[in-house]
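Subject: Structure for you to look at

Hello,

I am handing over the structure below. Please look through it before reading my notes, which come after it.

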Amino acid sequence: MNIRSFREEDWMQVKEIYEQGIATGQATFETTAPSFEKWESTIAANLCLVAENKEGIQGWCKISKVSDRCVYEGVGEVSVYVRDVSRGKGVGKKLLQAIIKESEAKGFWTLTAGIFPENIPSLRLHQSVGFREVGIRQRIGKLNGVWRDVKLLERRSQIVGID
């Protein structure tokens, strides 16, 4: 599995993987994938990676800014999606480990994630790379007419922002 930076020509496969996540009803409040331009505009500090093998892209991970305020310049929200046939095979973990390393190289000291409590595999994945639960946003939004909670997780860097 090769982990590399996202390129624009990857979009169709990335979008397909995102749509697979949307279809589970456990990955996001989104009900359709955005346009390439909208999706790309949310990437912080060019931090977007894909996992690729001979069959194509098997997963992707990106960091979005959480705020435009300068005090939060080293805080980002991570998203990770894995192709349905590659889930449970370590792709997500490799992507998260790589994006953590790259984000720290760019000065990020905290990464956050918002995950539906029912998405146990994603919660375990994030915890396996150092994320911890910091709270639950109860009934924060509706998905298909149903109120959903979101668990908030964060990972504090052990090398950036420790002084």
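Predicted model: local features only at pLDDT ≥ 70, side-chain atom pairs only at ≥ 80, totals over all residues.

Residues are numbered from 1 along each chain as its sequence is written, and side-chain values use heavy atoms, with hydrogens and water left out.

Helices and strands

Helices (H or I, at least four residues) and strands (E, at least two) are DSSP runs, numbered from the N terminus. Buried means under 20% relative accessible area, exposed means over 50%, and partly exposed is in between, with a 1.4 Å probe and protein chains only. Contact, or touching, means heavy atoms within 4.5 Å.

Helix 1 (residues 11-24) has 14 residues, which at 1.5 Å a residue should span 20 Å, and its end C-alpha atoms are 20 Å apart, which agrees. The expected span is 1.5 Å times one less than the number of residues. Buried in helix 1 are W11, V14, I17, Y18, Q20, G21 and I22. Their cover includes helix 2, strand 2, strand 3 and strand 4. Just after helix 1, G25 takes a positive phi of about 75°.

Helix 4 (120-128) has S122, L123, L125 and H126 as its buried residues. These cover an arc of only 160° around the axis, which puts them on the same side of helix 4; the arc is that of the directions from the helix axis to the C-beta atoms. The exposed residues P121 and R124 are on the face turned away from the buried side of helix 4. The buried residues of helix 4 pack against strand 4, helix 3, strand 5 and strand 7 (146-156). Just after helix 4, G130 takes a positive phi of about 100°.

Nonpolar cores

A nonpolar core is a set of buried Ala, Val, Leu, Ile, Met, Phe, Trp, Tyr and Cys residues joined through side-chain atoms within 4.5 Å. The largest one has 24 residues, and C61, I63, V78, L95, L96, I99 and F131 touch the most other members. Two or more residues each come from strand 2, strand 3 (56-65), strand 4, helix 3, strand 5 (110-115) and helix 4. Helix 3 gives the largest share, six residues. Another core, of 15 residues, lies apart from it, with W11, A33, V50 and I57 among its members.

Leaving out residues up to four places away in sequence, L95 touches I3, L49, V50, A51, G59, W60, C61, V80 and Y81.

F131 lies in the loop between helix 4 and strand 6 (132-143) and is buried, with a relative accessible area of 4%. The C-alpha atoms of F131 and L153 are separated by 5.9 Å, although the two residues are 22 apart along the chain.

A loop residue

T28 is in the loop between helix 1 and helix 2 (36-41). At 12% relative accessibility, T28 counts as buried. Its side chain reaches the backbone nitrogen of E30 at 3.1 Å. Beyond four places in sequence, T28 touches Y18, I22, Y81, F116 and L143.

Salt bridges

A salt bridge is a side-chain nitrogen of Lys or Arg within 4 Å of a carboxyl oxygen of Asp or Glu. By this rule there are ten salt bridges.

One of them joins E52 and R4, with the closest N and O atoms 2.9 Å apart. E52 is in strand 2 (residues 43-53) and R4 in strand 1 (residues 2-5), so the pair links distant parts of the chain, 48 residues apart. E52 is partly exposed at 23% relative accessibility, whereas R4 is buried at 11%.

Another joins E16 and R83, with the closest N and O atoms 3.2 Å apart. E16 lies in helix 1 and R83 in the loop between strand 4 (75-82) and helix 3 (91-105), so the pair ties together parts that are 67 residues apart in sequence. E16 is partly exposed, at 38%, and R83 is buried, at 11%.

E55 and K54 also form a salt bridge, at 3.6 Å from N to O. E55 is exposed at 56% relative accessibility, and K54 is exposed at 79%. Salt bridges that share partners also join R4, D10 and E52 into one network.

Technical notes
Polar contact = N/O pair within 3.5 Å; in protein donor to acceptor, adjacent residues only side chain to side chain.
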